[in-house]
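Okay, thanks for making the time, everyone. Let me put it on the screen.

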Amino acid sequence: MKTPEHKPRIALIVSRYNASVTDRPEAGARGAFRESFGDDDVVETVEAPGAFELPQLAAAAARSGRFDAIVALGCLVRGQTSHDRHIARAVAHGLTEVGVRFGLPVAFGVLTVETPAQAEARAGGAKGNKGAEAMTAALDTLRAMRAVETGVPSGTSA
């Protein structure tokens, strides 16, 4: 994968609710960044109390002007009520709004699963690592946005 000339600064916003699950996507995201850039010294983890707070913290990171992209990680497991679906919708909408408003890539790495077993499978298990996927999506989107802004095709160094 071709990379931008400088290492992009990434805000890695991680929900600590279901931390036994979200720790692995966080490690996966950092690993994906290291694969592209050698180390992850410019990736800053910001802890969120839960998934619902991810958009507010993403907006704060975007407003700071310190980051080139944002990766939001969390885990919502279906319960006996529709609470998880309401939170998932609000988080997805909020993160999308941050990306559009601030012109930054904002990757959605929030697991929305039916069972804890599904969360385990997507947090570095049989179904991959959602954190690594989200980081890769953020870096690819950043590359594509730079190509659009500069007119330099994304397959070349921007």
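So, let's start with a helix pair. Helix H1, residues 19-37, packs on helix H5, residues 130-150, at an angle of about 40°, with the axes 6 Å apart. For the bookkeeping: helices are DSSP runs of H or I with at least four residues, strands are E runs of at least two, and both are numbered from the N terminus. The axes are lines fitted to C-alpha atoms, for helices over the stretch in contact, and angles run from 0 to 180 degrees between N-to-C directions.

Before going on, the caveats. This is a predicted model, where local features need pLDDT of at least 70 and side-chain atom pairs count only at pLDDT 80 or more, while totals for chains, interfaces and linings use all residues. Residues are numbered from 1 along each chain as its sequence is written, and side-chain values use heavy atoms, with hydrogens and water left out.

Back to the pair: H1 and H5 are therefore oblique to each other. The cut-offs there are under 35 degrees for roughly parallel, over 145 for roughly antiparallel, 65 to 115 for roughly perpendicular, and oblique for the rest. The crossing of H1 and H5 is right-handed, meaning that the near helix is turned clockwise from the far one by less than a right angle.

Who makes the contact? On the H1 side we have Pro 25, Gly 28, Ala 29, Ala 32, Phe 33, Ser 36 and Phe 37, and on the H5 side Gly 131, Ala 132, Met 135, Thr 136 and Leu 139. Contact here means heavy atoms within 4.5 Å. Sorted by class, the contact of H1 with H5 has eight nonpolar residues, four polar and no charged ones. Nonpolar covers Ala, Val, Leu, Ile, Met, Phe, Trp, Tyr, Cys and Pro; charged covers Asp, Glu, Lys and Arg; the others, Gly among them, are polar.

Now the second pair. H2 and H3 pack at an angle of about 10°, with their axes 8 Å apart, and are therefore roughly parallel to each other. From H2, Leu 54, Pro 55, Ala 58, Ala 59, Ala 62 and Arg 63 meet Ala 90, Val 91, Gly 94, Leu 95, Val 98 and Phe 102 of H3. That contact of H2 with H3 splits into 10 nonpolar residues, one polar and one charged.

Next, the cores. The largest nonpolar core has 20 residues, and Ile 13, Leu 54, Ile 70 and Val 91 touch the most other members. A core in this sense is a set of buried Ala, Val, Leu, Ile, Met, Phe, Trp, Tyr and Cys residues joined through side-chain atoms within 4.5 Å. Buried is under 20% relative accessible area, exposed is over 50%, and partly exposed is in between, with a 1.4 Å probe and protein chains only. Strand E1 (10-15), helix H2 (54-64), strand E3 (69-77) and helix H3 (83-102) each give two or more residues to this core. Apart from it lies another core, of 16 residues, including Ala 29, Val 43, Val 71 and Leu 139.

On to single residues. Which residues does Asp 68 contact, leaving aside neighbours within four places in sequence? They are His 6, Lys 7, Pro 8, Arg 9, Leu 104, Pro 105, Leu 142 and Arg 146. Asp 68 sits in the loop between H2 and E3 and is buried, at 14% relative accessible area.

Leu 104 is in the loop between H3 and strand E4 (106-113), and is also buried, at 16%. Phe 67 is 37 residues from Leu 104 in sequence and 8.5 Å away, C-alpha to C-alpha.

Glu 26, in helix H1, is buried too, with a relative accessible area of 13%. Beyond four places in sequence, Glu 26 contacts Leu 12, Val 14, Arg 16, Thr 45 and Leu 73.

Gly 74 in strand E3 is buried at 2%.

Asn 18, in the loop between E1 and H1, has a positive phi, near 65°. Asn 18 is partly exposed, at 28%.
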